[in-house]
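User: Could you walk me through the model I have open? I'd like to go feature by feature and ask as we go.

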Amino acid sequence: MESELKVALAQIAPVWLNKEGTITKIKTCIKEAAITGAELIIFGEALLPGYPFWLAFTEGAKWDLKVNKEIHAHYVRNAIQVEAGELDPICTLAKENNIAIYLGIMERAKDRGGHSIYCSLVYINEEGEIKSVHRKLQPTYDERLTWAPGDGNGLKVHPLKQFTVGGLNCWENWMPLPRTALYGLGENLHIAVWPGNDHNTKDITRFIARESRSFVISVSSLMKKEDFPKDTPHLSSILEQAPNVMANGGSCIAGPDGEWLVEPVIDKEGLIYHTLDFNRVYEERQNFDVVGHYSRPDVTKLTINRERQSTVEFKD
């Protein structure tokens with residue numbers, strides 16, 4: 001049915017800080033999801049090539065520490081430069097399988113010099129076209145030691161069958177104004193990506209759904225102590241302090257009434273499937289529409305700057 005959309009939540013562990021290995025795993029998931037008839041697949045925050053877990057275990061805030069410098073350099077080398085075509089194999093798969101993709105990456109942004117990295121959420125449509133790259137507006141706590149702050153350029157939504165889909169990274173989902181920006185663009189399927197753990201997803205997923213009267217999909221990754229590759233720089237220093245489980249998943253789906261369609265899935269790797277019925281959006285908007293009949297733009301209004309920020313502007 002045209003009103004239905006089959007989605008796949010990819011709750012997987014990365015091949016940590018290994019760009020090529022993680023891309024291979026992502027491609028396998030896309031192919032598997034497409035075989036089942038999924039029309040949208042979502043991967044967690046920073047999955048490609050992984051979340052900077054080491055910062056909590058290696059005195060990440062200590063000034064001029066060689067351990068952190070060397071791991072950071074390894075991280076940057078395995079980040080993705082979109083302009084260089086490093087997502088092309090994934091885009092090709094999207095087109096071949098007629099499947100849209102939300103993918104969390106570490107982006108080594110060429111338009112910011114190519115040395116700093118951004119936590120970015122990429123949307124690839126079913127034609128294999130990259131339609132938005134949203135750089136996380138505000139890295140959280142120790143993330144600020146390795147990620148740069150983004151801008152509003154990626155605050156965009158996209159048509160997918162009858163749905164209008166948009167997304168935010170991790171604790172951005174707690175920021176009311178970016179949420180409002182997406183609501184105002186007509187979003188009715190919200191994607192929230194996380195590095196992992198149900199303590200993040202179990203409350204905010206249902207809250208956003210209830211607030212927006214939209215479907216909300218939260219997708220998290222997994223990470224266990226044994227998932228650190230043996231060639232990780234300073235691995236012994238990381239493992240000395242690391243717990244057995246750093247990310248337990250918690251991927252889930254809430255309906256437009258704020259009730260669970262898929263409760264948080266814990267400690268299980270693989271694809272989670274569900275079919276969404278767009279008609280539920282209209283039903284729940286009957287009594288509340290946060291940017292429609294239940295808003296007062298004559299009293300309060302939000303202004304968004306979607307200009308892609310760059311340090312240098314050339315006029316040749």
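**A buried histidine and its surroundings**

Analyst: His74 is buried, with a relative accessible area of 14%, where buried means under 20% relative accessible area, exposed over 50% and partly exposed in between, with a 1.4 Å probe and protein chains only. This is a predicted model, in which local features need pLDDT of at least 70 and side-chain atom pairs count only at pLDDT 80 or more, while totals for chains, interfaces and linings use all residues. Residues are numbered from 1 along each chain as its sequence is written, and side-chain values use heavy atoms, with hydrogens and water left out.

User: Where is His74 placed, and what does it touch?

Analyst: His74 sits in helix α2, residues 66-77; helices (H or I, at least four residues) and strands (E, at least two) are DSSP runs numbered from the N terminus. Not counting residues up to four places away in sequence, His74 touches Leu17 and Pro233, a contact being heavy atoms within 4.5 Å.

User: What is phi for Leu17, and is Leu17 buried or exposed?

Analyst: Leu17 has a phi near 55°, a positive value in a residue other than glycine, and at 2% relative accessibility Leu17 counts as buried. Its place is in the loop between β1 (4-11) and α1 (19-35).

User: And Tyr141, buried or exposed?

Analyst: Tyr141 counts as exposed, at 70% relative accessibility, and lies in the loop between β5 and β6 (158-160). The phi of Tyr141 is near 50°, again a positive value in a residue other than glycine.

User: Switching to the sheet, what is the strand order?

Analyst: Six strands form an open sheet in the order β5-β4-β3-β2-β1-β13, with mixed pairing; two strands pair if DSSP finds at least two bridges between them. β5 (130-135) and β13 (270-277) stand at the edges with a single partner strand each, so one side of each is left without a neighbour in the sheet.

User: How many bridges join β4 to β5?

Analyst: Five bridges join β4 (residues 117-124) to β5, and the two run antiparallel. Leu121 stands opposite His134 in β5, while Ser120 has Arg135 as its bridge partner there. The hairpin of β4 and β5 has five residues between the strands, and in it Gly128 takes a positive phi near 80°.

User: Which peptide bond is cis?

Analyst: The bond from Leu48 to Pro49 is cis, with omega near 10°, and Pro49 is placed in the loop between β2 (40-43) and α2.
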